[in-house]
Amino acid sequence: MKKRNPFSFLVYLAILGIVFFVILSIFRGVGNDVPYSKVVELLRKEQVKSFVISDGKIHMKLHTEYDGETSLVTGISDPELFRQEVGELVQQQYEAGILESYDFVADKRLSFYDLILPLLIVGGVLLIVWFLLMSRASSQNAMSNFGKARTVLGVPDGKKVTFDDVAGADEEKQELQEVVDFLKDPAKYTRIGARIPHGILLVGPPGTGKTLLARAVAGEAGVQFLSISGSDFVELYVGVGASRVRDLFDQAKKLAPAIIFIDEIDAVGRKRGSGLGGGHDEKEQTLNQMLVEMDGFGRNNGVIVLAATNRPDILDPALLRPGRFDRQIHVGRPDVKGREEILKVHAKGKNLDETVDLKVIARSTAGFTGADLSNLLNEAAILAAREDRPAMTMADINEAMMKVIAGPAKRSRVQQRRDLKTTAIHEAGHAVATYNLPTQDPVRHITIIPRGQSLGSTWSLPKGDISNMTRNEMFEEIVSLLGGRVAEALFIGDISVGASNDIDRATKLAKDMVARYGMCEKLGTVSYLGGDELFIGRDYQTTKSYSEKVAGTIDDEVKALMDQAYARCKDILAENADALHRVVDFLLEHENMTGEQFAACMKGNQIGESSDTALLDAFETED
């Protein structure tokens, strides 16, 4: 909501006051005015009882009525002339007792209105002029501030962050420790001719702690920390972004030694020529100014630039060359040891039940980032508070994990028996296929309770961190993804739309194997697919890098690979039909099935009781 200007309110008030006093002065004293000649005539006819002249007006009281009034008021321009004309007559009537009293006041007396009105007019004019001047000055000041960088000095919450607050990033902290040492003791490096990097680019997926690392560098070095987002440079008007870049580095130079942190630098550092705005595109002007400031004719002694992005592939090459961002530090997803350390950091201040084992949680959250782990514990704490428990338990963490992965459970959703059976067969198909594929992770949990957009889910949490995949692993993953569709076709005799997401994922994986990773013997070790992004401008109207013949071969090979995986999955499910039906019956009765229960069912053993910590129990017995 736009705030009102208090100065404009004062101007409007002054104008209203002036208008009011002008109207009052015009109409004050206005009454039953009579002509001057009539006043003289009334005196001569001895009809006036008394009169007083004051402030340019004559106030008379009459012996008889005149137009229904016994009191008259009229203006008189020259009281002295009136005295000369009727003075003797007035004296004679006064002595005769006809005129009871009279008073000639020749000098006009100044009234309140006569004094205040000129002052109000002059004051109002001065106030209006002052208001106009202030408005112009404020608009000029606003335009000058428009080009100022919107930096945040220091950490927003005011809390000092150090490397002790950053867990699961030992190598990254070691790389950044050099920057801290330089800011503390620059002579140590300059003595031997070393030059500290002008800029360091932190690269990694979202939520891995890039911003936290930048704050920790400033906290460790004890220097000023200026943070800004890349989008804060971009404006509608050309030249504003470049002005803000200049102002940012000017601020840093005044506070040196200092660290400039630009978050999401890809918003302003995209490759030039990737837009349709021509050479005068605002983003390009801003980027050009940043290139000059980082390593141009000027020197930024004592100023180090840290930046973070999860899209280094779209940054301009000039920004990444030595002398600007000399070093790139990849901040990846933490391993099991790093996840355990991160959980310990985020568990501070939270009440944990004695059953909670952070090591087990770390092993079961492969692929989680630091932000994911923080969110996991927070969701578990919310669930515990909802149930009025004093501390969060392993069951809370288990439910929080399923909620984070697939969404909250929709137990109140009413489903037909037919839909439940279809979902149970679909999920059982995934589970049985996965169980019989050696390279796939063991099944941890199966449910036919709707979560998010899915009617059911089968979780196969990895035993450990996997950084590489082989052709056989990728093929068997396609087989596992097709398990639901194949089970529907085999045991229902019809297929549903529930396998659409599985087919999409399987098709993309097959196409990557054929056209990206060179895993097709017919096409050879050739990659036909580039990046996932299409940049308007640079790749505008770009044609495929391969012929139509090769495109047809890719389609054929993808189809053949999908058919091969479908046949493999069909054989597995046909051989394990009895076990699959046992799984379906159990799901229809209990809605959930743990990994231990599923393994017992596949081996033909008696199925035990379910556990509230089904998703995490399997990790407790592993080394």
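Glu178 and Arg327 form a salt bridge, with their closest N and O atoms 2.9 Å apart. Glu178 lies in helix H5 (residues 170-184) and Arg327 in strand S10 (residues 325-330), so the pair ties together parts that are 149 residues apart in sequence. A salt bridge here is a side-chain nitrogen of Lys or Arg within 4 Å of a carboxyl oxygen of Asp or Glu. Helices (H or I, at least four residues) and strands (E, at least two) are DSSP runs, numbered from the N terminus.

This is a predicted model: local features need pLDDT of at least 70, side-chain atom pairs count only at pLDDT 80 or more, and totals for chains, interfaces and linings use all residues. Residues are numbered from 1 along each chain as its sequence is written, and side-chain values use heavy atoms, with hydrogens and water left out.

**Salt bridges**

The structure holds twelve salt bridges. Glu175, Glu178 and Arg327 are linked in a network of them. Three pairs are listed here.

| Pair | N to O distance |
|---|---|
| Glu41 and Lys45 | 2.8 Å |
| Glu178 and Arg327 | 2.9 Å |
| Arg516 and Asp512 | 3.2 Å |

Arg516 and Asp512 are four residues apart in helix H18 (residues 500-516), which means about one helical turn separates them.

How accessible are these residues? Buried means under 20% relative accessible area, exposed over 50%, and partly exposed in between (1.4 Å probe, protein chains only). Asp512 is buried, at 8%. Glu178 is partly exposed, at 33%. Glu41 is partly exposed at 31%, and Lys45 is partly exposed at 49%.

**A four-stranded sheet**

Four strands form an open sheet in the order S3-S2-S1-S4, with mixed pairing. Two strands pair if DSSP finds at least two bridges between them. The edge strands are S3 (69-75) and S4 (101-103), each pairing on one side only. Neighbouring strands of this sheet are turned by 20° against each other on average, direction ignored. Axes are lines fitted to C-alpha atoms, for helices over the stretch in contact, and angles run from 0 to 180 degrees between N-to-C directions.

Strands S1 (residues 48-54) and S2 (residues 57-66) run antiparallel and are joined by six bridges. Which residue of S2 is the bridge partner of Val48? That partner is Leu62.

Helix H2 (residues 36-44) lies across S1, S2 and S3. H2 runs at about 50° to S2. Contact means heavy atoms within 4.5 Å.
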